[in-house]
Amino acid sequence: MSMKEATVDPVDRTLPSPGAVEGSGFLLQLLRQTAGQTISELAAAMGVSRSTVVQRLDFLHERGLVSNGTSGSGSRGRPAAVSRFDPAGGIVLAVQIGMTGCRFAVTDLSGEVLADRLVSIDIPAGPERVLADLEKNFVEIVRETGRELAEIAGIGVGIPSAIELLTYSRSLGQAGTDWDREWFASNLRERFHSPVFIDLDVNLLALAERQKAWPHEEVFVCIKLGTLIDAAIVVNGAPIHGVSKLAGELGHIKVGGSTVPCTCGGVGCLDAVASGNALVKQLAREGSTVTHVSDVVALVAQGDPQAVRAVREAGRHIGEALASVVNLLNPSVIAAWGYLTGAETALFAGIREGLYQNALPGSSERLRLVSTALGDLAGVQGAASMVIDEVLEPAAVDRMIVQGSW
């Protein structure tokens, strides 16, 4: 089925005026924060009449965003009628684009994953090829859930940084293709008639992990240790992007004494010395049969001494680079994600060695180094969270009701 055939146009309905809708999004926000509220409770919280609340609830109910029920409080007398946020009122498409594969997911409006899949993808083939693969897999995975494309509230895309994309392409002997994010987003918007939000994959990993596992940490760092190395820094719940959108380029911190050339054009970069890609090259030179970082992890699991030594040494270099981050930002948690964390014992031993030997004792004494709690779904859950925060923001909900579509 082609995208044109699969796309469902927004439902044609008589649309309300902005004035009649105003406050609907705020009401929905109140319902999202509780297990359900009565009309009287909502009227008191909003400072409006019961009739106004009823009208706004009707708008939200018509679009499937609220459902009705009873309080079930256990008190005597007739149970009170309550309204609740209904996360089934829309779906979110999320994708984490990795160097060697893409993780796709469909979630409801609470971020619960309804279906997911991992698909191999040819990143160096360029954005046009990747876009076609995204289109095909999104249509198929929505169909698997039994939902409709017209129910899509938004699309979240986690994409590697421009430096990562260029570095990986060059490591394969290719020139690399410039990824225009706005071109990518506008094409997805046009094909799915839905808002599209794009951020760095590692930022979305960090966002999801922090929200789910460490919601009260002021400074939270997430490191991606896969084919390449990257990092994200979350301060008070928001990822730091930097003026050129290049914050977190941990893979291009220099390793002292190293003269290994990096595909970025420099020498001694952490990526060139300690990434999964670097380990594959190193172990292949030493006679091991490896073609992917997952092969390196498998060798470590088998107790191969060369692989264990190489991963631990890579961890030490990563820890040395992280020491600068710890001294500067004093994070409470560093969470690691990616293929290399499959060799956690050897990897973390090396990271701790390099980190604690180089970080200030006062900055590192309360630091926790952990593997991500969300595992393989962290990236798509972060992408879904980004979309949900945007499309369910009160003004966005009001606008959606007036326009008749997301």
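These notebook entries record what I looked up in a predicted model of one protein.

**Entry 1. Ground rules.** I number residues from 1 along each chain as its sequence is written, and side-chain values use heavy atoms, with hydrogens and water left out. Because the model is predicted, local features need pLDDT of at least 70 and side-chain atom pairs count only at pLDDT 80 or more, while totals for chains, interfaces and linings use all residues.

**Entry 2. Confidence.** I looked up pLDDT, the predictor's confidence in each residue, from 0 to 100. The protein averages 88, and 91% of the residues score at least 70. Residues 1-12 fall below 50, and beyond near neighbours in sequence this stretch has 16 contacts in the model. Contact means heavy atoms within 4.5 Å.

**Entry 3. Overall form.** I found 17 helices and 12 strands; these are DSSP runs, helices being H or I of at least four residues and strands E of at least two, numbered from the N terminus. The C-alpha trace spans about 75 × 50 × 40 Å along its principal axes. Of the 406 residues, 52% count as buried, meaning under 20% relative accessible area, with exposed over 50% and partly exposed in between (1.4 Å probe, protein chains only). Among contacts between residues at least 6 apart in sequence, 65% join residues at least 24 apart.

Entry 4. The UniProt record, an unreviewed entry, places "domain: HTH arsR-type" at residues 28-67. Such positions are given in the numbering used here, feature names are shortened, and annotations may be inferred rather than shown by experiment. I note 65% helix and 5% strand over residues 28-67, with the end C-alpha atoms 11 Å apart.

**Entry 5. Cores.** A nonpolar core is a set of buried Ala, Val, Leu, Ile, Met, Phe, Trp, Tyr and Cys residues joined through side-chain atoms within 4.5 Å. The largest has 41 residues, and I223, L225, L250, I318, I334 and I351 have the most contacts inside it. Elements giving two or more residues include β8 (219-225), β11 (333-337) and α14 (344-358). Helix α13 gives the most, with 10 residues. A second, separate core of 35 residues includes L60, V380, A383 and I401. I also listed the contacts of I334: leaving out residues up to four places away in sequence, I334 touches V221, I223, L322, V326, L355, L367, R368, L369 and V370.

Entry 6. In α16 (residues 378-391), 12 of the 14 residues are buried, among them V380 and A383. Helix α16 reaches 20 Å from its first C-alpha to its last, close to the 20 Å expected at 1.5 Å a residue; the expected span is 1.5 Å times one less than the number of residues. Helix α6 (residues 127-145) has 19 residues and should span 27 Å, which agrees with its end C-alpha atoms being 27 Å apart. Just after α6, G146 takes a positive phi of about 80 degrees.

Entry 7. Most residues other than glycine have a negative phi. N236, in the loop between β9 and β10 (238-239), has a positive phi near 50 degrees and is exposed, with a relative accessible area of 55%. N330 lies in the loop between α13 and β11; its phi is also positive, near 50 degrees, and N330 is partly exposed at 44%.
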